[in-house]
Amino acid sequence: MQNDKQRIAVIGFGAMARSLQASFRRAGDQFGVAATLVPEEFAPTPSELGAVKLFNDVSDLIDWRPSLVVECASHDAVRDYVPALLRKGIDTIIVSVGSLSEKRLLDSLEAAATEGRSRLTAVSGAIGGLDVLRSARSAGLSSVAYTGTKPPSAWTGTPAADIVDLASLSQATAIFQGNAEQAARLYPKNANVTAAVALAGIGFEATQVVLIADPSATANSHRVEAQGAFGSFKIELQNKPLPDNPKTSWLAALSVEEAIVRHFRAIDV
Ligand SMILES: NC(=O)c1ccc[n+]([C@@H]2O[C@H](COP(=O)([O-])OP(=O)(O)OC[C@H]3O[C@@H](n4cnc5c(N)ncnc54)[C@H](O)[C@@H]3O)[C@@H](O)[C@H]2O)c1
């Protein structure tokens, strides 16, 4: 009989899901990715899958009765599958946290989790310090500001390309200043971190965001600063990319692994 901890399914089988699978394999057999949900058009090959069971349809995955589902795919995948999983009482961890900037989706996930008596966990992903924001907010946070800095090439294909000539930038240049709601809408690929900060702190409208293209940047950096009744707080991360996908921070993949282990742990410290 399979250990309950082994009935872990991932949605998507890209860089993050594979990193997770490889890391669990290195750590021994206490945890493992046992199944994946990927639509037929993106389905991995049998050799990529190995012993991982493949589902193309969310209802088949629900019938398999996973103990935990971990979304490592896209904002669309959160919208398309996660409400059904939660409604059926299946706890789910999501990495595409930026999807929660859509109020209607957030409300429908909450209703589904309430109906199914299940729990949705959003990972901290590429950012840290969210525990401080969550603890500090009940006493009152007067400001929360997020600054994201990436090399100019990382902003190609975004509205930044219409504002500045990314290829010829010679110094760090702000390509967006506004709130987290506008940032999530205009820069959806950057939305995971801004959404995590906004949800942990003072919400999408009040969270200030600055996005910077810096030709001297060699890594993606994230800075969060907050002031409030508790005092003040500042954290800055210089994230290395995941070897298989330069667009995803290694820390984001590690945070998924930590969230899974924590989900099953008897003592949560
Ligand atoms: N929270 C964070 O800080 C953070 C950081 C980085 C990335 N992310 C999110 O993690 C997600 C996964 O990252 P990755 O590096 O593994 O990406 P990836 O592109 O390497 O892999 C994504 C996988 O999901 C599959 N997929 C896409 N749409 C799907 C759908 N609707 N249903 C099922 N499968 C689908 C793709 O086929 C692919 O296998 C990204 O979409 C991104 O939003 C979050």
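This is a predicted model: local features need pLDDT of at least 70, side-chain atom pairs count only at pLDDT 80 or more; totals for chains, interfaces and linings use all residues.
I started at R117, which sits in the loop between α5 and β6 (120-122). Helices and strands here are DSSP runs numbered from the N terminus (helices H or I, at least four residues; strands E, at least two). Residues are numbered from 1 along each chain as its sequence is written, and side-chain values use heavy atoms, with hydrogens and water left out.

I checked the backbone of R117. Its phi is near 50°, a positive value in a residue other than glycine. I then looked up the accessibility of R117. R117 counts as exposed, at 79% relative accessibility. The classes I use are buried (under 20% relative accessible area), exposed (over 50%) and partly exposed (in between), with a 1.4 Å probe and protein chains only.

I located R65 in the loop between α3 (58-63) and β4 (68-71). R65 counts as exposed, at 63% relative accessibility.

**Entry: a serine in a loop**

Is S99 buried or exposed? I find S99 buried, with a relative accessible area of 2%. S99 belongs to the loop between β5 (92-94) and α5 (103-116). I followed its side chain to the backbone oxygen of S96, at 2.7 Å.

**Entry: the ligand**

How many residues surround the ligand? I get 23, and the closest are M16, A73, A126, N245 and T248. The cut-off for being near is a heavy atom within 4 Å.

I sorted the shell by residue type. The shell divides into 15 nonpolar residues, 8 polar and no charged. In this scheme Ala, Val, Leu, Ile, Met, Phe, Trp, Tyr, Cys and Pro are nonpolar, Asp, Glu, Lys and Arg are charged, and the others, Gly among them, are polar. By element, α1, α4 (75-87) and β13 (245-249) each supply at least two shell residues.

Next I looked at oxygen atoms of the ligand. A backbone N or O atom of A73 lies 2.7 Å from a ligand oxygen. A polar backbone atom of F13 is 3.1 Å from an oxygen atom of the ligand. In N192, an N or O atom of the side chain is 3.1 Å from a ligand oxygen. Taken alone, the ligand exposes 870 Å², and the protein buries 80% of that. Areas are Shrake-Rupley values with a 1.4 Å probe; for residues, only the protein chains shown count as cover.

**Entry: salt bridges**

I count 9 salt bridges in the structure. The criterion is a side-chain nitrogen of Lys or Arg within 4 Å of a carboxyl oxygen of Asp or Glu.

I opened E48 and R18. Their side chains meet in a salt bridge at 3.6 Å, N to O. This pair links distant parts of the chain: E48 is in helix α2 (residues 46-49), R18 in helix α1 (residues 15-27), 30 residues apart. Both are partly exposed: E48 has a relative accessible area of 35%, and R18 stands at 29%.

R185 and E181 form another salt bridge, at 3.2 Å, N to O. What separates R185 and E181 along helix α8? About one helical turn, because they are 4 residues apart in that helix (residues 180-186). R185 counts as exposed, at 53% relative accessibility. E181 is partly exposed, at 31%.

I then took E258 and R262, whose closest N and O atoms are 3.9 Å apart. These two are 4 residues apart in helix α11 (residues 250-264), so about one helical turn lies between them. E258 is partly exposed at 37%, and R262 is partly exposed at 38%. Salt bridges that share partners join E258, R262, R265 and D268 into one network.

**Entry: a nonpolar patch**

Which residues form a nonpolar patch on the surface? I find W250, L251 and L254, with about 260 Å² of accessible area together. L251 lies in helix α11. L251 counts as partly exposed, at 31% relative accessibility.

Methods. A polar contact is a pair of N or O atoms within 3.5 Å; within protein, one must be able to donate a hydrogen and the other to accept it, and residues adjacent in sequence count only if both atoms are side-chain atoms. Patches are made of residues with over 30% relative accessible area and no salt bridge: like charges are joined within 9 Å, nonpolar side chains (Val, Leu, Ile, Met, Phe, Trp, Tyr) within 5 Å.
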